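Here's a predicted model to look at together. Could you take me through one part of it up close?

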Amino acid sequence: RQTDLASPWPWRASGLGGRTSGTLGMNWTGGSAMHPFDYLMTIASVILGLAVTDLAVSLNRLLAAGRRVRWGLLAPLAALMAFVRILYQWWSWYLVRTVADQLTFEMFLGAMIGAVLLFLMSAAALPDDLPETGPVDLPASYQTHHRRFWELYLAQWLVMNGINIWAVLRTPHGQVNWLNPGYLIGPLLVSVQFIRARWWHAGVMILMTGLYLAAYLGGQLTP
């Protein structure tokens, strides 16, 4: 069986096989059972919510600085891509709610590491502290922090895809499609760390943002 590894959670189409480590089907006395997905998403929602909050706070500071800010193109694009990536991850997690009870602790740990890396990546998109006086140069800020931004992005991509491959291999008769175009994202994330051309960085960010939006455009959260 082959699954689409372009999605961060490819097992949603195949299900997870094998034993699980522990049970999260909690049934409080006199109450209904707590679904494993609701339990696991509590901490995930906090991490991704903090990532969006950090982006919003940084943007608010820049808007308050007014004309002192030299915006440029790359830093706002990085923030936009990070925001869309967060929403993409959140939406993708909902789609695996039916197999949440088969998620092992090790997989959950890896997913949380990926969430933290996503927070750190988004936090590197815009500056946290602005000078009280003088100009705010976003192109210079991107030039200073872009390597950390892309390294965190690459680390997050590797962690999530590692979990995906692990999950597929745990599935009975699971088969990884190594020719999936989704694996081209990795070389792109590596290239921007060595190619400094502004047009290349802008093109990669526009492409990635478009791919994330197109993946679930028009989609609905069905029960």
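Q: How many aromatic pairs does the structure hold? And zooming in on Arg 147, which ring does its charged end sit over?

A: The structure holds six aromatic pairs (ring centres of Phe, Tyr or the six-membered ring of Trp within 6.5 Å; planes under 30 degrees apart are stacked, over 60 edge-to-face, the rest tilted). Ring pairs join Tyr 88, Trp 91, Tyr 212 and Tyr 216 into a cluster. As for Arg 147, its charged end sits over the ring of Phe 194, 5.6 Å from the centre (Lys NZ or Arg CZ within 6 Å of the ring centre and within 35 degrees of the ring normal).

Arg 147 also forms a salt bridge with Glu 151, with the closest N and O atoms 3.3 Å apart (a Lys or Arg side-chain nitrogen within 4 Å of an Asp or Glu carboxyl oxygen). The two are four residues apart in helix H4 (residues 138-170), so about one helical turn separates them (helices are DSSP runs of H or I, at least four residues, and strands runs of E, at least two, numbered from the N terminus). Arg 147 is partly exposed at 38% relative accessibility, and Glu 151 is partly exposed at 38% (buried is under 20%, exposed over 50%, partly exposed in between; 1.4 Å probe, protein chains only).

Then there's Gln 193, in the loop between helix H5 (185-191) and helix H6 (198-216). Leaving out residues up to four places away in sequence, Gln 193 touches Arg 147, Trp 150, Glu 151 and Leu 154 (heavy atoms within 4.5 Å). With 11% relative accessibility, Gln 193 counts as buried.

Residues are numbered from 1 along each chain as its sequence is written, and side-chain values use heavy atoms, without hydrogens or water. In this predicted model, local features need pLDDT of at least 70 and side-chain atom pairs count only at pLDDT 80 or more, while totals for chains, interfaces and linings use all residues.
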